[in-house]
Amino acid sequence: MTTMLEPLRRIAAYAVCADSVGRVLLVRASERSGTPGTWSLPGGAVDHGEDPNHTVVRETAAETGLSVAVAGLDDVLADMRALSERGITIHTDRLIYQVSVRGGTLADRVGRPTDLARWFTLAEARELPLRAFTARALGLPASSADVVPDEPPEFPSFYAVPGPDGLHRAQRFAAYAVATDPEGRVLLTRVSDGYPGAGCWHLPGGGTDYGEQPGAALIRELVEETGQRGRLVELLGVASHRDAASLGPEGYPIDWHGVRAFYRVMVDQPAPPTVTDVGGSTCEARWFAREELGALPPDRLTEVTAEAVQAARLT
């Protein structure tokens, strides 16, 4: 039984790195890890306030001795695993980046959570005990021995903990939609009073639930916030924003770090927007023509919205 394990969440970033002959860089989990002997992409947890682009560079250097440059974002996925010996279940939102080597020397790390770093052809990697997310990232059959919880445990959608400076801090992963219809209109939502960014126009979407894939969460949130049914088209990017003293409905300052994946979504049969989650963080939803969107003052858009519409080349 895994349902009684303490649930935890984390955000992590990983590197898909290939050399000049097509070999991929992998690291081996040591006896100090929760999955000893398995191989995975180099990477690890995103620190509070850290941009995941920096995480993947930092973690790859620490685990392999190599300095890398980020070339782009490949995928975003989530998984759960139960570590009964530690009494925990972990949900991890994983950001998968393509990187290239800038320099350094491949090094082993005796006594650390990962102890070996090696280059493998895909044929060789196929024969290794790979973590499931690594097999997926490399397009190989999953061979992971990860124990998956019987069912997703109860976990609050908002979770703040005391930080070292006395402020509560929260790190949250969310998925948002750059949603358009066949006429090219863009769907935005307005942030309710009492929430950070009140009155600003925002992308539809929100925090993912424990055990939920970001794409599925986004389609669910789109219906709840706007009444629209959409389909995923492509992953556009990930935004990382920190507000060191955010003030929301909790009534006290929170050191807030949001990591937000944003996707292009097509709403093939648009309808008049309807906010069905009454009383939440969204008070209004509206379709904007391109020229209307471009005419909005910058301070009327949230940070992630401005970044996402630019990535989608809508303004």
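Me: In what order do the 3 strands of the open sheet stand?
Reply: This is a predicted model, where local features need pLDDT of at least 70, side-chain atom pairs count only at pLDDT 80 or more, and totals for chains, interfaces and linings use all residues. Residues are numbered from 1 along each chain as its sequence is written, and side-chain values use heavy atoms, leaving out hydrogens and water. Strands are DSSP runs of E, at least two residues, and helices are runs of H or I, at least four, numbered from the N terminus; two strands pair if DSSP finds at least two bridges between them. The pairing is antiparallel, and the order is β3-β2-β7.

Me: Why is one side of β3 and of β7 left without a neighbour in the sheet?
Reply: β3 (39-40) and β7 (114-120) each have a single partner strand.

Me: Which residue of β3 is the bridge partner of V27?
Reply: Strand β2 (residues 24-29) runs antiparallel to β3, and 2 bridges join them. In β3, the partner of V27 is S40.

Me: Is T35 buried or exposed?
Reply: T35 sits in the loop between β2 and β3. Buried means under 20% relative accessible area, exposed over 50%, partly exposed in between (1.4 Å probe, protein chains only). T35 has 14% relative accessibility, so T35 counts as buried.

Me: Which residues does T35 contact, leaving aside neighbours within four places in sequence?
Reply: Contact means heavy atoms within 4.5 Å. By that rule, the partners of T35 are A29, R81, R131 and D146.
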